[in-house]
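Here are my notes on this structure, in numbered points. Please read them with the model open.

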Amino acid sequence: MENKPRLPIDTHKSGFVYEEFQNPDRDRAITGTFQQGFAWGAATAAYQIEGAWDEDGKGTSIWDTFSHHEGNIYGNHNGDIACDSYHKIYQDVELMKQLGLTHYRFSISWPRILPDGTNKAINQAGIDYYRELIDALLEANIKPMVTLYHWDLPQALQDIGGWENDMIVVYFNQYADVCFREFGDKVKLWITLNEPYVVAVAGYEEGRFAPGFAHQGTTVYRVGHNLLKSHGAAWHTYDAKYRKSQRGVVGISLNSRWVEAETGSAMDSKAADRFLQFKLGWFANPIFGNGDYPEIMKTKIANKSRAQGLTSSRLPSLSKEERLLLSGSADFLGINYYTSKKIRHQETKLFPPGYESDMDVLSWLDDAWPKSGADWLRHTPWGLRKLLQWMKEEYSNPVIYITENGVPEHSDTQAMLNDTWRSKYYLSHINETLKAWKLDGVNIAGYFAWSLLDNFEWADGYATRFGLHFVHFDDPDRRRQQKASAKVYAEIIRNNGFPVENSEMYWSFVLLTLIGQRVSATGSDAGPFLSVRWTTTRAIWRSSFCSKIAFCFLLGLVVLSYRELIRAEQRYEKFVYREFQDPERDSFLYGTFPSNFSWGVATAAYQIEGAWNEDGKGPSIWDTFTHTPGRTYNNQTGDVTCDSYHRYEDDIAIMKEMGMKHYRFSIAWSRVFPDGTRNRINMAGVDYYHKLIDGLLAAGIQPMVTLYHWDLPQALQDMGGWDNDIMAVHFDNYADFCFNEYGSKVKLWITFNEPYVFTKVGLETGVHAPGLKHQGTTVYRAAHNVLKAHAKAWHTYNDRYRSTQKGKCGITLNCSWGQAATDSEEDKAAADRYMQFGFGWFAHPIFVNGDYPEVIKDKVMKKSLAQGLTTSRLPEFTEEEKQLLKGTSDFLGANYYTAVYVSAKERQAMPPGFFKDQDFMTTDDENWPTSGAGWMRPVPWGFRKFLNWINENFNKPVIYITENGVAEHSEDEPMFEDTWRIQYLTSHVNEMLKAYTLDGIDIRGYTYWSLMDNLEWAEGYASRFGLYYVDFKNPKRPRLPKESASVYAKVIRNNGFPEPASGMLW
């Protein structure tokens, strides 16, 4: 296909579609038309619209199975009827005729024509349905573009392994052969697979889509491998058997976002290209390139696999024969584009292995980009052009069809018929397509809007609507109703683009230019914005429907802009984050804490001490775990780490300089009891902690000592660790020794740090030491023993030492704040359940009634019975144990880092699992600020909510914040200007001030995590939480202050945030 010569663009008549995007070189709309014969279409997929799921001999698909299982789909919707297009061929074709479509892209349901997926039995009723549809299209002068596979694999094939079974290549080729033979005389545009990336990742890696597997890091690549080979086999079948007589073409539809590098750095630019290679190049490079996977993909996965202790890459290799089969096996490239992301380089953790973590990138949506009805999609029209340019350069300018492009609303109301945002989306994205063709020379042959109809939007059910036509799903007749965007799209089709000579279309862009003008906060700029001449307005209103839509945009923006001007004058609050500016929630509060408020920092023995085998210390489970290849990032260990065993005086000096009131550190159990028992006491270890404590007191810093921060003596693990009931006795003996040895100088004791983490992550998921994956059972027994060990130690202190030492003993628990995703009662209950499983699991027995929360007991019991057990997997406390536990804490240590959204989701009972017991799902909001740790985003308002929830649920305990902090991800390059940490620290301390001052919560102290960069467990040294930078390549391990250290020192000096009028300017 040849492009027409480039046409001159009358730039003074072009404008901007979005107010958010007004880069003249990038965003200005152009006028002009596409080449003659350009394909204008709309798209659908069989499972999403056909219905008739078990009619006329159709076999079951994986989406039938998946959607019939409760909890997999929003509202438990399914595609049993959907749009009922199986019975409404002529209604749908009539809608297409009204739009003026030249093409219609639909998919064939594999099990509708081959019920068991093989060619042993052909369902003639299914064949006849598609023949009738194709004939009706051709009668209406609409050409069919047929997708062979749009995700609805026959269940019978899934039962033998689905896309993971190499035999699937044979079965798919047989199915394709049947379709080419039956329909090829009338179909000239074939697509083998739609979005194989989604099939592999969402279906086999994440489990969000059918068949619902979450086999991270391995199955996904085997599935992708077989999808590629299936495509290659089908293309060669068409090429060898049918092309000469049928004269059609066969391609593949791939999908990708565009990604914009966060900075101009080489690392971020490489990260952006790497993302595109993993997402698009994974399938495009073998077909449109050299027959093989992208080099960066092969290298990354091979390196990660080796670091994980594997002898070969998790990415299968393509043989020479397979590379020859794949290279050139497509006549066109279909691309599905919806949105873009920002991206930067970020080293990710090795374990567990995963497709996303193989890329070493962090991507997010820019909050400034226009929103849509789907959280994952924002309007970024310029991204489409950039993606098309990238494909042109990367794959030698192939023939390209845009096979999907569209935007949803999230609503089931008919009020959405006036979908101006969708009109805007189509106008802008089609205009960017025009630029790519006319200005950039991209070989674009057609454009297909997604979708012709509202339909079953996979896991989102019927709540997410992409259609040009509204479908009344509550009407048995599934009535279709045209939306405003359909009229806009029809007009673009009628004009074949945006012709200069068409004054009606021209006025649309003039108005969109006006819309793009932002009104500044000063009133002086408002006048010109509002002085649109009435003569112009009348001319516009008399013109086309498309122009009227644009005029409505303008009028709405006028109203909104004036409202913003008024609000701007009223704003006086200070906000720390631009993402969080709710005046009642996020405004900055000036004020100070009481004079006895304690400010501190925290560390943990294994993370900073080093000297792992010096002076008689016994091995811990973390020594064993990190010495096992593949367990930690780059196989890094805590053998030396910050070397605080030899450099504790340096640590005390920097704390004193900052003005710390307390220092939270932990004792390494195996440093004082090498085998975990009191049979052997290591005096060198005992003396080390005496020297540390004495040094702190001399500097005016109070020690806050944690007895257990995850480093169990290996000798005790060898006898079962926390799964063994005897652990409560051993821990009590160890605690008794510490109280006796150091209690005259230590007045704040913490028995355990985050038992939720070391039981769940160490014994359920295996990501932390000791690395066990005993799902659904050991985790509850271990937690049971930890609680009993805590209670015994507290009673030992209370009975033997309190009266003379006059100290206090508590426990440190952790949880993210769980915010209900919606106001529904189900999501609210799920959010509370999240908090009870995460925090109440340990807090409720200690601070309430000596027993687990009722919701945990109820949930685990029900799941256990459903699994065929006669008793609950959650152990029961005896009445004596309940009395032993209740009230066994003088304060509650709370660790808070981030928040999540929680929604109700019923989980399968089998196999048993701690997470499955809880029946919810969590997500974070891509609009929230990011951090250097993939698991956390700064959400300061969640901190205050978390503290209030603790106060209300656990009898208003005395609270110490024992950890709170944020990480950067940097292994080598120092990041001294850590403004993100300053933001985090000030915002979270300010939320704590609100909780204390406004909510009356009894908070006695704040402890920042961490004093210095250290070994961040399985993430090694790449994840840095410290106020001080540690150079781990320097044998002297120098500590260098980051900017956040001076800011925290200032907070401490001011005891909070004094009012500006006080003269102590914050």
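1. Surface. The protein chain exposes about 38900 Å². Carbon and sulfur atoms supply 50% of that area. Keep in mind that this is a predicted model.

2. Overall build. The protein chain has 39 helices and 34 strands. The C-alpha trace spans about 95 × 75 × 55 Å along its principal axes.

3. Of the 1066 residues, 63% count as buried. Take the contacts in the protein chain with a separation of 6 or more: residues 24 or more positions apart account for 76% of them.

4. Aromatic pairs. The count comes to 118 aromatic pairs. One of them joins Trp282 and Tyr355. This pair is stacked, with 5.2 Å centre to centre and 25° between the planes. Stacked here requires planes under 30 degrees apart. Trp282 belongs to helix H12 (residues 266-288) and Tyr355 to helix H15 (residues 355-358), so the pair ties together parts that are 73 residues apart in sequence. Trp282 and Tyr355 are both buried.

5. An aromatic cluster. Tyr47, Trp63, Phe66, Trp151 and Phe209 are among the members of one aromatic cluster. That cluster also includes Phe456, Trp458, Tyr462 and Phe473.

6. Charges over rings. Arg208 lies over the face of Phe209, at 5.1 Å from the ring centre. A second case involves Arg112 and Tyr129. The charged end of Arg112 sits over the Tyr129 ring, 6.0 Å from its centre.

7. Ser340. Is Ser340 buried or exposed? Its relative accessibility is 0%, so Ser340 counts as buried. The cut-off for buried is under 20%. Ser340 lies in strand S9 (residues 340-345).

8. Partners of Ser340. Which side chains make polar contacts with the side chain of Ser340? Tyr337 is one of them, at 2.8 Å. Thr380 is another, and that contact is 3.0 Å. Leaving out residues up to four places away in sequence, Ser340 touches Arg257, Trp258, Leu365, Trp369, Thr380, Trp382 and Gly383.

Technical notes:
Residues numbered from 1 in each chain as written. Predicted model: local features only at pLDDT ≥ 70, side-chain atom pairs only at ≥ 80, totals over all residues. Heavy atoms only, no water. Phe/Tyr/Trp six-rings, centres within 6.5 Å; stacked < 30°, edge-to-face > 60°. Helix = DSSP H or I, 4+ residues; strand = E, 2+ residues; numbered from the N terminus. Buried < 20%, exposed > 50% of the residue type's maximum accessible area, 1.4 Å probe, protein only. Lys NZ or Arg CZ within 6 Å of the ring centre and 35° of its normal. Polar contact = N/O pair within 3.5 Å; in protein donor to acceptor, adjacent residues only side chain to side chain. Contact = heavy atoms within 4.5 Å. Areas by Shrake-Rupley, 256 points an atom, 1.4 Å probe, with all protein chains shown as cover.
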